[in-house]
Amino acid sequence: MADTTITTLTEAVPTIVASALLELEEGDIIRPLVTNVPFPGAGVVHQTPFVQKLTSEADDSLSSQALDAGTNDETSPSAATVGVHGGYVQLKEIAQLGTIDDMAAVAGKLIGQCVITRRDLDLVTLFASLTTNQGGAATNIAPADLYDAYGSLRTYFAPLPYHLVLHPLQIWSSVGLISLFDNSADAIQTSGPGTVGEDFARYGYAGMALGFNLWADANITLTNNNGSGAAFSREAMKYVSKRGFRIDIEGDAAEVATKIVGTEMWGEAILRNKHGNEMQFDTV
């Protein structure tokens, strides 16, 4: 005697696919923390010149001082070249009709996500261009690195607030930032009430550490368990926006498909090099 089961009726049982879960990406972390510059109209290179400071004299016989944009202590001008960034999906009509979800909407969402990720990647890549590096390859973070970074930013008149952006594993690992506040013998402080250590112990996260707003960004590239975060003020980098995000849809009759294209135009550059410090540290 044979039973009738799901196995025997495999070909006759309909398959119902739930709403698609989209692969997640890191969000727009860095752009709100840096100088944002609108750049509509003509031109593709945005330049920010720096004029050297003057020196006050101490008597009534003053010497003329030239306004000089070529010999200041920053790279002048700071040049950001804008370009097109985007994603493209050609969605066949039969694929659209044969799926549970509105795949055109899914495509639009995924294109938007990939553009945001591209923008964040472009900005975190600038971290390694900062001249001052408080860490280095095969180096674990130590309290002195944060002290030195804060002192460096104050020395060069970087305006507050200051931000510290690290890869998640540079924060949450046995040698990460969290280990500086774990109540061990060499920790900065105990996990007493109202301390950073208590925040890490209770919530697993702290909004600030040693004068820096703390941010985790998984778009920071790790090579051999080493990556470059940054401690910086807003004017350390600039994000130059030529044109915001736009979705264009075009039918392709010959392919019986719809072309879905999402694009944005921007450029990025170091603005004030001394208003940022590279924070290169290991994760293990």
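In what order do the four strands of the open sheet with mixed pairing stand? In this predicted model, the order is E1-E9-E10-E4. Strand E1 (35-38) and strand E4 (83-92) are the edge strands, and each of them pairs on one side only. From one strand to the next, the twist averages 25 degrees.

Within this sheet, E4 pairs with strand E10 (residues 257-270) in the antiparallel sense, over 10 bridges. To find the pairing in the structure, look for Gly83, which stands opposite Trp266 in E10. Helix H2 (residues 103-125) packs on the sheet, where H2 touches E4, strand E9 (237-252) and E10. The direction of H2 makes about 15 degrees with that of E10.

A further open sheet is made of five strands, in the order E6-E7-E5-E8-E11, and its pairing is also mixed. Its edges are strand E6 (208-209) and strand E11 (276-282); each has a single partner strand, so one side of each is left without a neighbour in the sheet. Strand E5 (residues 162-166) and strand E7 (residues 212-216) pair in the parallel sense, over five bridges. In this pair, Tyr162 stands opposite Phe212 in E7. Helix H3 (residues 143-155) packs on this sheet and touches E5, E7, strand E8 (226-232) and E11. The direction of H3 makes about 165 degrees with that of E11.

The next topic is charged side chains. The structure holds nine salt bridges. One of them joins Asp28 to Arg119, with the closest N and O atoms 3.0 Å apart. Asp28 lies in the segment before E1 and Arg119 lies in helix H2, so this pair ties together parts that are 91 residues apart in sequence. Are the two partners buried or exposed? Arg119 counts as buried, at 8% relative accessibility.

Arg119 also meets the side chain of Glu264 in a salt bridge, at 2.9 Å from N to O. Since Glu264 lies in strand E10 and Arg119 in helix H2, the pair ties together parts that are 145 residues apart in sequence. Glu264 counts as buried, with a relative accessibility of 8%. These residues belong to a network of salt bridges that links Asp28, Arg31, Arg119 and Glu264.

Another salt bridge is found within a single helix. Arg202 and Glu198 form it, with the closest N and O atoms 3.1 Å apart. Both residues lie in helix H5 (residues 196-203), four residues apart, which is about one turn of the helix. Arg202 is exposed, with a relative accessible area of 55%, whereas Glu198 counts as buried at 18% relative accessibility.

Val51 is placed in the loop between strand E2 (45-48) and strand E3 (78-81). The relative accessible area of Val51 is 53%, and Val51 is therefore exposed, the cut-off for that class being over 50%.

Note on methods:
Residues numbered from 1 in each chain as written. Predicted model: local features only at pLDDT ≥ 70, side-chain atom pairs only at ≥ 80, totals over all residues. Heavy atoms only, no water. Helix = DSSP H or I, 4+ residues; strand = E, 2+ residues; numbered from the N terminus. Buried < 20%, exposed > 50% of the residue type's maximum accessible area, 1.4 Å probe, protein only. Pairing = 2+ DSSP bridges. Axes fitted to C-alpha atoms, helices over the stretch in contact; angles between N-to-C directions. Contact = heavy atoms within 4.5 Å. Salt bridge = Lys/Arg side-chain N within 4 Å of Asp/Glu carboxyl O.
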